[in-house]
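Please walk through this structure with me.

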Amino acid sequence: MLVRGAQGDLLRLIAGGHAESRAELARLSGLAASSVSLRVEELIGSGLLVEEGSASSRGGRRPRRLRVSPTAGLLAVADLGGRHARLGLLDLSGTPLVVEELPCDIALGPEATLNWIAASFDALLAAHGPAGVPLRGIAAGLPGPVDPASGRVVSPSRMPGWNNFPVAEHLGAHFDLPVLVENDANLLAVGEARAWPGCETVMVLKAGSGIGCGVIVNGVLHRGRGAAGDISHVRVRTDSSVTCSCGHLDCLEAYASGAALMSVLAEQGIAVERPSDIVAMVDDGIPEATALVMNAGRLIGEVLTVLVNFINPDAIVVGGSLSKAEPLISAIRAAVYERCLPLATRDLEIAVTRSGPDAALLGAGTLLLDAVLS
């Protein structure tokens, strides 16, 4: 069992990279230097922290550097998409030790998918887990709305059988450890925010098989009651009318998601297996794919326009498999810069993810450590 209370807070500051010396811990925690020193010695004695080398100095002798011990524990994290999953083992500082991407079809239902995740984690631990290092927690990012209070998926699109399924309880029964269940776009936002120092409010869009958005406000993930950032079912203006998987007409996801673009291409006789194939077609200059991606970017940008004027973010970051299509990013930028107030866009940056494909896993590690230490 990991430490909690004041010791857990100090460990969290070290693991999150906010502090690396006793003096910084005292300054950030508000505890007396003697109290910090006592608790740090206890953390070192229990094998959770190590003290080595030299940390940065604010004047005077350079202090010893604190870091989370490599043997303190592991976190097993998963980021599920519609047809694939990225699985990883992280140390308690959030550094990935191993990451694998494997095919996974969530349409097979929750029990089959979660059992597969549990077996895959067991295989990763057997093959790559350092001897004697305990597993401390499990995290799963899912491409659907998640109730933060219960850890259950609520009315997801393209996830038959998942509605209200006890995901956390199912995984917890296998591992008997703390389990975090979160929306995949929220995990992406938390992981990506680490790569944008100085940006307190960030909107992180995930454009893959579906469309999602995670929102960081004043440095903290904004969940609302579980549906915050869910832009996929915002109604858009189009010349046609398409029924979304949610049953309503003309949702953004019905026109601009990877699944929607694949469906249109299939109707045109162009078969693609995954959204990344659409990106390859755009790179090859295939006009049908390029036109669809540009239109998707325009529609996404129009939806984001309202949110930019309302929230005033420092940055909009686009991740997911479709983010590698430059026409998508250009069309989003054009719509936002054209329609938003100048004050809202004067310092706004719209860019592709800096953290790459592991951003959601990094976010899962951050939130899972908080849950384990809470």
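A residue counts as lining a pocket if it has an atom within 4 Å of one of the pocket's grid points. Helices and strands are DSSP runs, numbered from the N terminus. Keep in mind that this is a predicted model.

Take the second largest pocket. Its space comes to about 740 Å³. The lining holds 28 residues. Nearest the centre lie Gly16, His18, Arg194, Gly219 and Thr366.

Which elements build this lining? Four of them supply at least two residues each: α1 (5-15), α6 (184-193), β12 (220-221) and α13 (359-373). The largest share comes from α13, with five residues. By residue type, the lining of this pocket splits into 13 nonpolar, nine polar and six charged.

Now the cysteines. How many disulfides does the model hold? A disulfide needs two cysteine sulfur atoms within 2.5 Å. By this rule, the count is zero. Cysteine 246 shows why: its closest cysteine sulfur, in cysteine 251, is 3.6 Å away, so the pair is too far apart for a bond. Cysteine 251 is likewise in no disulfide, and the cysteine sulfur nearest to it is that of cysteine 246.

Are these two residues buried or exposed? Buried means under 20% relative accessible area, and partly exposed means between that and 50%. Cysteine 246 has a relative accessible area of 33%, so it is partly exposed. Cysteine 251 has 3% relative accessibility, so it counts as buried.

Terms used
Residues are numbered from 1 along each chain as its sequence is written. This is a predicted model: local features need pLDDT of at least 70, side-chain atom pairs count only at pLDDT 80 or more; totals for chains, interfaces and linings use all residues. Side-chain values use heavy atoms; hydrogens and water are left out. Buried means under 20% relative accessible area, exposed over 50%, partly exposed in between (1.4 Å probe, protein chains only). On a 1 Å grid over the protein atoms alone, a cavity is a set of points where a 1.4 Å probe fits but cannot get out, and a pocket is an open set with protein on both sides within 12 Å along at least five of seven lines; lining residues have an atom within 4 Å of a point. Grid points are joined across faces, edges and corners, and a volume is the space filled by probe spheres set on the points. Helices (H or I, at least four residues) and strands (E, at least two) are DSSP runs, numbered from the N terminus. Ala, Val, Leu, Ile, Met, Phe, Trp, Tyr, Cys and Pro count as nonpolar, Asp, Glu, Lys and Arg as charged, and the others, Gly among them, as polar.
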